[in-house]
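Here is a short briefing to keep beside you while you look through the model. Please take a moment with the sequence and structure first, then read on.

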Amino acid sequence: MDNANQSYDKLLGAVRTLGLWTSVDAVLGWDESTYLPEGGVALRGEQKALIASTVHAGITNPQFGQWLIAVEESKLIDEPMVAANVRECRRAYDRFTKLPADLVHRLAVAGTSSREAWIEARKRSDFSHFRPHLEKILELKREECRHLGFEINPYDAMMANYEPGAETSKVAAVLGALKKELVPLIERVKNTKRPPASVELLKSAMSEAAQFAFGKEAVEAMGFDLKYGRIDTTTHPFCSGFGPKDVRITTRYDLNYFPSSFFSLLHEAGHGLYEQGLEDKYFGLPMGKACSMAVHESQSRLWENLVGRGKPFWEYFFPKAQVYLPALRKVDCAEFVRLMNHVELSPIRVEADEMTYNLHIILRFELEQKLLLGELKVADLPAAWNEKFKSMFGFTPKNDAEGCLQDVHWCTGDFGYFPTYALGNMYAAQFFEAAHREIPDLDGQLSKGQFKPLREWLREKIHKKGQLLMAEDLCQEVTGKPFSHEALVRHLTKKC
């Protein structure tokens, strides 16, 4: 037992050190997406590759594996917290020991240069500028799949990076079930006779300063602590958690459409609240990390949509919005809430309404599998995107910037990430139903700007649990029900 205790202590010490390296890498990634000068891209790639190689060497150290075995064969493993830490350390060890150090280095370098090419290609709406970089990334990701191995589908190996335990076939089944429910719901909304929403009102000119000030007040009211965080501008909004005491969120501004910035801020602040809600004392350890990316997305989507597009939220915030954004004085709160929930088939995922958003994810989920399997050539991606988009949405994006170039994920090799958005929407709906059952008069509290009860409920039920449980087990514990698409369908049906 003494040997097991010593091994466990050494294992946690090593993991904490690797957590610091990962935090440094996150700082470099945040800087790369915000303030890095164009000329610094090549050096940044080498910097990130050095960190990736250092982390890889640390996890694949034979001693790391020996410490794992010592704890796994001891009675320590009977303690739930030890079991969770060891489970995730074992998963990382088994995964990293299959990957050659040279591949890890090449992926890091390629990801940095590819991202820079994507930014320029998106700006110019020129897929040909990005094409060779995506081809290189796919070549490396296929190599990664071969090393990792897989029983049925190489896409399983990619999803495991973000959603441990997820299987392509099961994810396809739940997304298929959701799509079956969504299509008639969307048709019902489109065919409902209602007074025309004043959508054009949202396209009034609103300054970046005013949008920033209003968004900042909203995320602070939610509980995002700017003493330990900040808000910056980027091409594609994201949240970076360097640790519970340093969490950065970003947005982008459209001076003629303020919801673009505002809801991206709510979304990223939802991620930020999760990061700030993790236990400080477990920093770097599995118990101090988010359960999974789908659960992480559940927190961002919950605040963005289930709270942020709800009537109670705007009963409190609409008068404030009218102060910051005088153009909104032309409508009352009820009409504004309807505007915020207007259903319209749009080409841009991050600006899509709740009802149609998951169709964007299903499209990407299907295309990226074909790319990974080699069934779709990179050169044919724009045409394949447009064809599938037209079949699902009824129209074709006007250019590649509105089509296959709109998302950052593929340029950095994040294949398997997209499904977590849709899974996160489902988790969010289940969690929000449970919160309504357990928090007295939740809607009444939200309408008064009292967001702390919900935030603390999420913190206790989800954030502080770290990786104690796998995602579906956490869902069962929090909601008393197995994971399902049904709560999301109930939520969306109420809005019809």
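Glutamate 438 and lysine 461 form a salt bridge, with their closest N and O atoms 3.2 Å apart; a salt bridge here is a side-chain nitrogen of Lys or Arg within 4 Å of a carboxyl oxygen of Asp or Glu. Glutamate 438 sits in helix H16 (residues 419–438) and lysine 461 in helix H18 (residues 452–461), so the pair ties together parts that are 23 residues apart in sequence. Bear in mind that this is a predicted model, in which local features need pLDDT of at least 70 and side-chain atom pairs count only at pLDDT 80 or more, while totals for chains, interfaces and linings use all residues. Residues are numbered from 1 along each chain as its sequence is written, and side-chain values use heavy atoms, with hydrogens and water left out.

**Overall build**

- The chain has 20 helices and 3 strands; these are DSSP runs numbered from the N terminus, helices being H or I with at least four residues and strands E with at least two.
- For 496 residues, a compact globule would have a radius of gyration near 23 Å, and the chain agrees at 23 Å; the radius is taken over C-alpha atoms, and the globule rule is 2.2 Å times the number of residues to the power 0.38.
- Along the principal axes, the C-alpha atoms fill a box of roughly 70 × 55 × 45 Å.
- Of the 496 residues, 56% count as buried; buried means under 20% relative accessible area, exposed over 50%, and partly exposed in between, using a 1.4 Å probe and protein chains only.
- Among contacts between residues at least 6 apart in sequence, 74% join residues at least 24 apart, where contact means heavy atoms within 4.5 Å.

**Charges and salt bridges**

- The chain carries 62 positive and 67 negative side chains, and the centres of the two sets lie 3 Å apart; Lys and Arg count as positive and Asp and Glu as negative, with His and the chain ends not counted, and each charge is placed at NZ of Lys, CZ of Arg, CG of Asp or CD of Glu.
- Across the whole structure, a search finds 35 salt bridges.
- Returning to the opening pair, glutamate 438 is partly exposed at 40% relative accessible area, and lysine 461 is also partly exposed, at 28%.
- Arginine 309 meets glutamate 304 in a salt bridge of 3.9 Å, N to O; arginine 309 is buried at 10%, and glutamate 304 is buried at 3%.
- Arginine 338 and glutamate 335 form a salt bridge at 2.9 Å, N to O, and they are 3 residues apart in helix H13 (residues 333–340), or about one helical turn.
- In that pair, arginine 338 is partly exposed at 26%, whereas glutamate 335 is buried at 16%.
- Glu120, Lys123, Arg124 and Asp126 are linked in a network of salt bridges.

**A buried glutamine**

- Glutamine 299 lies in helix H11 (residues 293–307) and is buried, with 1% relative accessibility.
- Leaving aside residues up to four places away in sequence, glutamine 299 touches Gly270, Tyr274, Phe431, Leu458, Ile462 and His463.

**Loop residues with positive phi**

- Serine 125, a residue other than glycine, has a positive phi near 50°; serine 125 lies in the loop between helix H5 (101–124) and helix H6 (127–148) and is partly exposed at 25%.
- Aspartate 441 has a positive phi near 50°; aspartate 441 lies in the loop between H16 and helix H17 (442–447) and is exposed at 54%.
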